[in-house]
2 protein chains.
Amino acid sequence: MTAPKVDPALERWFAENDTRIHDELFEFLRIPSISARSEHNGDTRAAADWLHKKLAAIGFTVETLPTKGHPVVLGEWRKAPAGAPTVLVYGHYDVQPAEPLDLWTTPAFEPTIRDGKLFARGSVDDKGQLWVHVKALEAHLAVRGTLPCNIIVVAEGEEEIGSENLAPFIAEHANRLACDAVVISDSSMFAPGIPSILSSLRGLAYFEINVAGPSGDLHSGMYGGAVVNPGMALAHILSTFHDKRGRIAIKGFYDKVRPFPAAVRKAMRKLPFSDTRFKKEVGVKALGGESGQTTLEKLWTRPTCEVNGLLSGYTGEGAKTVLPGRAMAKVSCRLVPDQDPAVIERLFKAHVKRVTPPGVTVTVEHLHGGRPWRADLDGPVFDAAKRALRAAFGRDPVIVGEGGSIPVVGDFERILKAPVLLVGFGLPGENAHAPDEWISVDNFRRGMRAIATLWDEYKG
Amino acid sequence: MTAPKVDPALERWFAENDTRIHDELFEFLRIPSISARSEHNGDTRAAADWLHKKLAAIGFTVETLPTKGHPVVLGEWRKAPAGAPTVLVYGHYDVQPAEPLDLWTTPAFEPTIRDGKLFARGSVDDKGQLWVHVKALEAHLAVRGTLPCNIIVVAEGEEEIGSENLAPFIAEHANRLACDAVVISDSSMFAPGIPSILSSLRGLAYFEINVAGPSGDLHSGMYGGAVVNPGMALAHILSTFHDKRGRIAIKGFYDKVRPFPAAVRKAMRKLPFSDTRFKKEVGVKALGGESGQTTLEKLWTRPTCEVNGLLSGYTGEGAKTVLPGRAMAKVSCRLVPDQDPAVIERLFKAHVKRVTPPGVTVTVEHLHGGRPWRADLDGPVFDAAKRALRAAFGRDPVIVGEGGSIPVVGDFERILKAPVLLVGFGLPGENAHAPDEWISVDNFRRGMRAIATLWDEYKG
């Protein structure tokens, strides 16, 4: 087998159109399509309309379809030769809020390139990566007048607010969205120069624990020592979630955990990862977590139980001698295959009940759940992606995991019964969701070439 | 020894002047002398001036002496027969803020009597109890033209904001304030009809614990499992403060605890106290704390370690998947004789250091401290008080403790080297510091008679 290559005609087109491609992306990034803010509803709609027009201009049939929230832009091109596969490309045109604004070096919605980084809200998450796909499609259509695969583009406007309306949308349009593979670029590469395929995501079970003691706040002098302190009771409950080895001490918690394949773990250990650099990045002197696991294993392959928030009593300046009537913790578990958030909810609640001391009443509410996900990495779309990434980046991709959750991945897989390829062009430290978000201009360029080559490699 | 009696001439004077006594107290209570609020500085000063005039009118030599904050009204009457003791009466003319105003049945500064209770901010804390003393003094001077003891009245205007300037004031005027006993009425009786002498106060060591982990908040998915969670670390630290029997597990914490005399504990156990009623009052189904101690022993004679406040990460509505960079707890220890806040600070800090896990940095700040206090209850002023209370209330007083702290008590004792008699006429549920504060009209009347009799009994 010869080494895969980017088609020189496509390569030439990308080079010749580089300025325009960037200019158009700048236009897209200037639209403050902040889905979380109703005062930006007009902008969010404008981003959908802009994308609609651009997809139509390159030769797609486009509809902007309503949901209960922001609409989905659905682009279709179905003129591939008989027998060619159909691919669904998913991305999102909405962005996170930009606050705190004063921490941006240049304005969030005024794209600027410095030192090979394109700074703007949405640059990497996800307008820039969505644009990678649109321009890869345009390259084929401009150079050859055709595409090697049938392509469906689904661009939603609610990813940053939980994609609540997307699973219903996929289910409603399941026949129309039927495909051989789903491709998503909304993640990062392991490191500069190392193309990456994302093979797993952790799930989530997010709880709020409320401890109620006396019917109101009491004077800690007059009542302290005889009345159970809800803050202390909460601390006790939280302290029972881990054992001394950093494992989660909730009965049955690990029962459904399916170990990652030995080959995946072995490959993970070969990744150029440095605990020292990681500690420096995070700003800590020592790491923690489950003993006997490497840092990447802890982050990608093992479940967690974390405090996300604590609130009780007096939290202002100085001393107030209150015995608080209430204490609250937000606690979430990251899950790995095949843990089920509904089962974890049951085990979590049973555990809290078991360790709650007399004298307080505890309620646990399950606020949010999402299933973990893991790709098989077998099959033509994954093979094609490996070759395409090698062609564009000059080296084989690595297989990486992700500690966070992207619930829509599981939705696509479950509803459409198609494998999902997650291939992203972000980089560590790219500040998604933070001030000074950026995408590497080099990754953006190589990404377009990789995706254009993916369709050639995947056509079968 | 015959049963002590209130002098019938004094008794008649109190009865004949009852309406005027109440009217004057109403005037005092109408002045919103809220020391914490600078916009009420004029009112606070007006209360001092009003009191100054009233003390002068009954025959005292009065000065209003400046401090760094609100002034001290100092009244003196030193014409007792040679050999008579000198007594310092302490009270305060400032009051707590009245908010939340909408929870008052009648306005906070418009005194109203309903069902034998006089409602107003300051009614029991402490204007009403200070007025008990002023009118007891007036009774003697009006009926007999003299007093059996020399009397110094010290009324401050900063008790509700920490009495910061009082200890320096006492020290500066130590010679002038020299006395044989200090008498304070700013506390409560054990129950209706049961006159009480307060024999102990707990001290305080108040800390703020700050746990610092990563240099900023992190995404709990991307980092959770490998980075030590400051919220979890804080919960672990807090969970180590008690052992399974509810004792404080800080090394050396109990070393200086001097057990309460067996007689005091025995007397405590005879007090008509009901755990069932206490639980109902507090609104809990079960009590907690140190095993092997009664509720009153836990509240009055044993030290505590309590959470006063907790704050970390996201505490708003819903789910936010943050691994917080920081976690904070306010934790305070109530102390009993002879625990020293400075020593407890050292032990507390050493304990926190010992139990802090790697991966986080913890700082402990000592915000506020106060020594515990315990009276010997031996000596003429205590004997006189017992007789005077019996005379006014028809039964022997009980000896009670108090779980809270009144730092000025220790200051008087230490600086003036005089015993302090704490005899209060409040009642449980009197809502000091809360809406609908009240004093029992019957207690107010009996209080004046008890204090007037105290001078007769104490004259020696």
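Biologist: What domains does the assignment give for chain A?
Modeller: Keep in mind that this is a predicted model. The assignment for chain A gives domain 1, 8-201 + 372-458. It also gives domain 2, 203-257 + 303-370.

Biologist: How many Å separate the centres of those two in chain A?
Modeller: The centres of domain 1 and domain 2 of chain A are 39 Å apart, taken over C-alpha atoms.

Biologist: And how many residues does the contact take from each?
Modeller: Five residues come from domain 1 of chain A, and eight residues from domain 2 of chain A.

Biologist: What classes are on the domain 1 side?
Modeller: Where domain 1 of chain A touches domain 2 of chain A, there are two nonpolar, two polar and one charged residues.

Biologist: New topic. What rotation superposes chain B on chain A?
Modeller: A rotation of 180°, with 0.3 Å of shift along its axis. The RMSD is 0.3 Å. That is the relation of a two-fold axis.

Biologist: Through which surface do the copies meet?
Modeller: The same surface, because 98% of the interface residues of chain B are also interface residues in chain A.

Biologist: Now Pro261(B). Where is it found?
Modeller: Pro261(B) sits in a loop of chain B, between α7 (230-239) and α8 (262-270).

Biologist: Why does Pro261(B) count as partly exposed?
Modeller: Pro261(B) has 13 other C-beta atoms within 10 Å.

Biologist: How many residues apart in sequence are Pro261(B) and Asp376(B)?
Modeller: Pro261(B) and Asp376(B) are 115 residues apart in sequence. In space they are 10.0 Å apart, C-alpha to C-alpha.

Note on methods:
Residues are numbered from 1 along each chain as its sequence is written. Chains are lettered from A and ligands numbered from 1 in the order in which they are written. This is a predicted model: local features need pLDDT of at least 70, side-chain atom pairs count only at pLDDT 80 or more; totals for chains, interfaces and linings use all residues. Copies are superposed by least squares on the C-alpha atoms of residues with pLDDT of at least 70 in both. Two residues are in contact if their C-beta atoms, placed from the backbone, lie within 7 Å. Domain bounds come from an automatic or database domain assignment. Ala, Val, Leu, Ile, Met, Phe, Trp, Tyr, Cys and Pro count as nonpolar, Asp, Glu, Lys and Arg as charged, and the others, Gly among them, as polar. Helices (H or I, at least four residues) and strands (E, at least two) are DSSP runs, numbered from the N terminus. A residue is buried if 20 or more other C-beta atoms lie within 10 Å of its own, exposed if 12 or fewer, and partly exposed in between; C-beta atoms are placed from the backbone.
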